[in-house]
Amino acid sequence: MKLIILDRDGVINHDSPEYIKSAEEWIPIDGSIDAIARLFRAGFTVVVATNQSGLARGKYDLDDLEAMHEKLTRLVEEQGAELGAIFYCPHHPDDKCKCRKPMPGMVDAIEAEFNISAEGFYFVGDSLRDLQAAKTKGCKPILVKTGNGKKTLLQLAEASLQTDSPLILADDIHVFDNLAAATDFIIAN
Ligand SMILES: [Mg+2]
Ligand SMILES: [Zn+2]
């Protein structure tokens, strides 16, 4: 099986500093649903791994999150495709859990669920913590410029100036405008 892991906010849907708190606020980025459908048709099991600390912060509840994910699932199914799974971390950063990215716990859970190693598979994100989780698990990190992506590019550039920085990742990261462009590359390769 071919696996691909996608972050959610800023990759599939528009993100907001105020959090995405409801299905109404969950708006797909242009081309992202079609990209998921194309990945599915190309034989990928598409799995979402998303930090949702808004749950622990009381910004929204599990019913709201479920409604968002029903919307995502329905939009993908309307394209004749399906998502492999959606994994989320419900914790607050202070909880020091093992699943909130940059920790790799969600990828561990994906490996257990699908009985597969994630090593060598693509992991698409818009934030540094996505790329760090990807690196920790030996995935191939892809950065998209949607969401936090442009800010993340700046962080990477700054980190690369500090030789002792643990954040030096830039050499092996592919950068694309959005998930649709990343998908063009992935399918062509
Ligand atoms: Mg994100
Ligand atoms: Zn967690």
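## Surface patches and buried segments

Because its relative accessibility is 34%, Arg-57 counts as partly exposed, where buried means under 20% relative accessible area, exposed over 50% and partly exposed in between (1.4 Å probe, protein chains only). The model is a predicted one, in which local features need pLDDT of at least 70 and side-chain atom pairs count only at pLDDT 80 or more, while totals for chains, interfaces and linings use all residues. Residues are numbered from 1 along each chain as its sequence is written, and side-chain values use heavy atoms, with hydrogens and water left out.

Arg-57 lies in the loop between helix H2 (53–56) and helix H3 (62–78), helices being DSSP runs of H or I with at least four residues and strands runs of E with at least two, numbered from the N terminus. Glu-66, a member of the negative patch, is found in helix H3.

| Surface patch | Residues |
|---|---|
| Positive | Arg-57, Lys-59, Arg-129, Lys-151 |
| Negative | Asp-61, Asp-63, Glu-66, Glu-70 |

Such patches are made of residues with over 30% relative accessible area and no salt bridge, like charges being joined within 9 Å and nonpolar side chains (Val, Leu, Ile, Met, Phe, Trp, Tyr) within 5 Å; a salt bridge is a side-chain nitrogen of Lys or Arg within 4 Å of a carboxyl oxygen of Asp or Glu.

In the interior, Val-144 belongs to strand S5 (residues 140–144) and, at 0% relative accessibility, counts as buried. Its C-alpha atom is separated by 15 Å from that of Val-48, 96 residues apart along the chain.

Conventions
Chains are lettered from A and ligands numbered from 1 in the order in which they are written. Accessible areas come from the Shrake-Rupley method with a 1.4 Å probe; for residues, only the protein chains shown count as cover. Lys and Arg count as positive and Asp and Glu as negative; His and the chain ends are not counted. The place of a charge is taken as NZ of Lys, CZ of Arg, CG of Asp or CD of Glu.
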